[in-house]
Amino acid sequence: HYILPREKNQPHPNPPTMPIESENWTWEKVDAEHYVVSQDKHCITFQGDPKAEYRACVGSTGWSTGKHYWRVWSGTDNARIGICTDGCTTDKPGGSDEHSWCLNMQTGDVYHNFDPAKPAEGITKRLYKFLCPIGGGRVSFLLDMDDGKLLLFMNDEYQGVMVSDLKGKGPFYPCIGIGGTEGKSIYILPEPTPVPKMYTYKRNKI
């Protein structure tokens with residue numbers, strides 16, 4: 001389990017085995033009518049249609065065993081971001097069905113089977129510590145299939161367990177959806193990067 005440090009600004013003395021570096025993947029399933037995909041498939045840009053807000057975009061690589069870490073840069077806080085199974089389709093918002101789990105980056109709510117008409121039933125968790133600037137930032141995930149958990153980081157700060165009932169399921173793929181005005185983008189960060197150190201508290205940065 002990810003037991004975090006008890007002494008201020010000290011990493012865990014015996015950290016669990018972690019992925020050495022972040023995964024490299026691309027955007028695979030995308031609604032091409034409402035998103036533009038870059039040539040290298042690392043960037044997706046929303047076209048601004050309010051009827052198509054948050055439609056799911058799905059990564060090329062899925063995992064059902066082991067530990068996997070990946071990172072994206074979001075140019076907006078108006079997005080939903082998380083994971084999905086291969087049953088996720090691109091004609092629905094991320095987090096709106098049984099195949100996807102997505103964080104609302106503006107509220108910290110985790111959506112699964114979310115229906116705006118019955119919001120309480122589709123919010124599985126609220127990450128109270130999560131705070132995303134309006135201009136977005138670097139979001140990263142650690143998928144631990146040994147424990148069946150998805151851990152969330154914002155700008156390399158550990159935010160908590162986003163989903164905790166994944167063991168024996170999968171494979172799970174990166175999944176995002178963008179809302180708001182035209183031109184908002186999310187980029188995959190493919191550079192190999194280690195998992196950040198995890199702390200139980202939010203550290204103040206100078």
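Of the 206 residues of the protein chain, 49% count as buried, where buried denotes a relative accessible area under 20%, exposed over 50% and partly exposed in between (1.4 Å probe, protein chains only). The structure is a predicted model, in which local features need pLDDT of at least 70 and side-chain atom pairs count only at pLDDT 80 or more, while totals for chains, interfaces and linings use all residues. Residues are numbered from 1 along each chain as its sequence is written, and side-chain values use heavy atoms, with hydrogens and water left out.

The protein chain contains one helix and 14 strands; helices (H or I, at least four residues) and strands (E, at least two) are DSSP runs, numbered from the N terminus. Among contacts (heavy atoms within 4.5 Å) between residues at least 6 apart in sequence, 66% join residues at least 24 apart.

An open sheet is built from seven strands in the order β1-β4-β13-β6-β7-β8-β9, with antiparallel pairing; two strands are taken to pair if DSSP finds at least two bridges between them. Its edge strands are β1 (27–29) and β9 (123–126), each of which pairs on one side only. From one strand to the next, the twist averages 30 degrees, with axes fitted as lines to C-alpha atoms (for helices over the stretch in contact) and angles running from 0 to 180 degrees between N-to-C directions. Strand β8 (residues 109–111) and β9 run antiparallel and are joined by three bridges.

Strand β10 (residues 137–144) is largely enclosed by the rest of the structure, because seven of its eight residues are buried. Eight bridges connect strand β5 (residues 67–74) to β10 in an antiparallel arrangement, and within this pairing Arg71 stands opposite Ser140 of β10. Strand β10 is also joined to strand β11 (residues 149–154), by six bridges and again antiparallel, with Leu143 opposite Leu150 of β11. A hairpin is formed by β10 and β11, with four residues between them. In its turn, Gly148 has a positive phi of about 70 degrees.

The nonpolar cores were defined as sets of buried Ala, Val, Leu, Ile, Met, Phe, Trp, Tyr and Cys residues joined through side-chain atoms within 4.5 Å. The largest of these has 36 residues, and Trp27, Leu103, Leu150 and Leu166 have the most contacts inside it. Another core, of eight residues, lies apart from it and includes Leu142, Leu151, Val195 and Met198. When residues up to four places away in sequence are not counted, Leu166 touches Ile83, Trp101, Leu143, Met145, Gly148, Lys149, Leu150 and Phe172.

A search of the whole structure finds five salt bridges, each defined by a side-chain nitrogen of Lys or Arg within 4 Å of a carboxyl oxygen of Asp or Glu. One of them joins the side chains of Asp31 and Arg55 (3.0 Å, N to O). Asp31 lies in the loop between β1 and β2 (35–37) and Arg55 in the loop between β3 (43–46) and β4 (57–59), so this pair ties together parts that are 24 residues apart in sequence. Asp31 counts as buried, at 11% relative accessibility.

A further salt bridge is formed by the side chains of Asp146 and Lys67 (2.9 Å, N to O). This pair links distant parts of the chain, with Asp146 in the loop between β10 and β11 and Lys67 in strand β5, 79 residues apart. Asp146 is partly exposed, at 40% relative accessibility, and Lys67 is likewise partly exposed, with a relative accessible area of 24%.

Glu191 and Arg71 also form a salt bridge, their closest N and O atoms being 3.7 Å apart. Because Glu191 lies in the segment after β14 (185–188) and Arg71 in strand β5, the pair ties together parts that are 120 residues apart in sequence. Glu191 is partly exposed, with a relative accessible area of 45%, whereas Arg71 counts as buried at 9% relative accessibility.

Gln159 lies in strand β12 (residues 157–163) and counts as buried, at 6% relative accessibility. The side chain of Gln159 reaches the backbone oxygen of Glu157 at 3.0 Å. A polar contact is a pair of N or O atoms within 3.5 Å; within protein, one must be able to donate a hydrogen and the other to accept it, and residues adjacent in sequence count only if both atoms are side-chain atoms.
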